[in-house]
Amino acid sequence: MPFKQQVFALLVSLLVFVFTIEMVRQKRLREEYSVLWLFTSCIMFVLVIKYDWLVTLTNLIGAALPTSTLFTGSIVFLVLLGVQFSIKISRLSDQVKDLVQENAILRHQFEKIVKAQGTDLDSKP
Amino acid sequence: MRSEERDLAKVLVIIPAYNEAGNIGRVVAAIRRVVPECDILVVNDGSRDGTAAAAAGAGAIVLSHAFNMGYGVTIQTGYKFAHCHGYPYVVQIDADGQHDPAFIPRLLAPVMAGDTDFALGSRFLEEESYRPSFSRRLGILFFRKLVTHLIGRSVTDPTSGYQAFNREVLRFFTTDVFPCDYPDADMLITLNLAGFRIREVPVRMYANPTGKTMHSGTKPLYYMFKMCLSIFVTLLRNRKFFRRT
């Protein structure tokens with residue numbers, strides 16, 4: 001791998017790693033979602049440092065160039081990330097559904113109690 | 001109070017409604033005429049018109065979603081309400097006036113007699129019902145064959161939303177097992193796998209005078225895909241998943 005390419009790949013992996021850690025530190029990214037980012041940047045870092053490992057992996061998957069392996073790896077990472085988000089969105093949708101249903105039932109109960117007490121809902125407490 | 005009236009007083013009629021201000025009052029009044037002893041619940045799915053007010057004005061209990069969540073979620077809200085309040089029997093009927101409320105007692109009879117757990121109203125067993133459009137009939141025919149094959153007994157109207165069932169089915173439907181995204185044929189297969197008894201009852205259904213349908217545009221394609229996928233994964237699930245706790 002040419003020196004410039006190696007430096008660029010190392011910088012990118014370091015940048016992703018540091019940025020992810022910083023986001024988690026600032027509580028703008030949950031640990032749960034940082035795992036895939038950190039894992040991928042570490043793998044990228046190791047493969048650039050250990051170039052012979054990258055070549056072995058390239059031969060293993062039948063790619064023509066080591067850079068293709070890195071490119072394929074990043075696509076796999078994006079797919080995994082998409083799947084992770086889909087799973088999370090499904091779970092959130094279920095939670096929203098339960099909340100909306102519970103809210104509707106509780107609101108009805110609340111209105112019934114208010115009506116029974118003869119209190120005006122808009123009156124100040 | 002006669003015992004039949006006493007039993008009907010334990011029934012909750014659930015009507016999922018979305019932008020049905022023009023119909024809902026008439027539907028509630030028609031149900032009230034047929035089964036005056038039953039409680040009627042309208043679940044308003046975030047309607048933008050006066051559905052909730054019209055339903056409340058007609059004397060129904062009204063639950064309102066904060067925003068539109070879809071048909072399956074709406075009926076499950078009704079199930080959860082019925083379960084919370086201990087109703088032993090539930091009838092489900094559409095808000096657009098397509099389902100003839102005169103058939104509620106017929107639908108409830110086998111459930112209340114303990115002959116079945118789940119009664120499914122079938123428009124194809126009642127001669128006076130309307131005939132759906134060709135494409136709709138084609139879809140129904142496909143799922144009819146599929147469900148009949150998979151559950152091992154004849155089901156003529158697997159997409160019917162006119163249903164009655166008992167407390168056990170109600171409790172089962174309040175869990176995560178209930179398919180909230182278009183609950184139709186996959187729900188029947190789920191019920192069968194869980195060991196519930198299903199029976200079809202002839203009911204009369206009318207064509208929707210407004211022509212409004214929740215299966216418009218590209219929705220039928222999505223519906224077919226989703227239903228086939230849902231049936232496929234339902235069959236792949238471990239039997240423990242359907243255990244009735």
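Which residue is the bridge partner of Leu120(B) in β6(B)? In this predicted model, where local features need pLDDT of at least 70, side-chain atom pairs count only at pLDDT 80 or more, and totals for chains, interfaces and linings use all residues, that partner is Gln163(B). Residues are numbered from 1 along each chain as its sequence is written, chains are lettered from A and ligands numbered from 1 in the order in which they are written, and side-chain values use heavy atoms, with hydrogens and water left out.

The pair belongs to β5 (residues 118–122) and β6 (residues 163–166) of chain B, which run antiparallel over three bridges; strands pair if DSSP finds at least two bridges between them, and helices (H or I, at least four residues) and strands (E, at least two) are DSSP runs, numbered from the N terminus. Chain B has an open, mixed sheet of seven strands in the order β3-β2-β1-β4-β6-β5-β7, with β3 (61–64) and β7 (198–202) of chain B as its edge strands, each pairing on one side only.

Helix α4 (residues 71–84) of chain B lies across β1, β2, β3, β4 and β6 of chain B, at about 155° to β1(B), the angles running from 0 to 180 degrees between N-to-C directions of axes fitted to C-alpha atoms, for helices over the stretch in contact.

Tyr79(B) contacts (heavy atoms within 4.5 Å) residues including Gln163(B) and Phe165(B). Both Tyr79(B) and Phe165(B) are among the residues with the most contacts inside the largest nonpolar core, which has 41 residues; such a core joins buried Ala, Val, Leu, Ile, Met, Phe, Trp, Tyr and Cys residues through side-chain atoms within 4.5 Å, buried meaning under 20% relative accessible area (1.4 Å probe, protein chains only).

Definitions and conventions: Buried < 20%, exposed > 50% of the residue type's maximum accessible area, 1.4 Å probe, protein only. Lists of a residue's contacts leave out its neighbours within four places in sequence.
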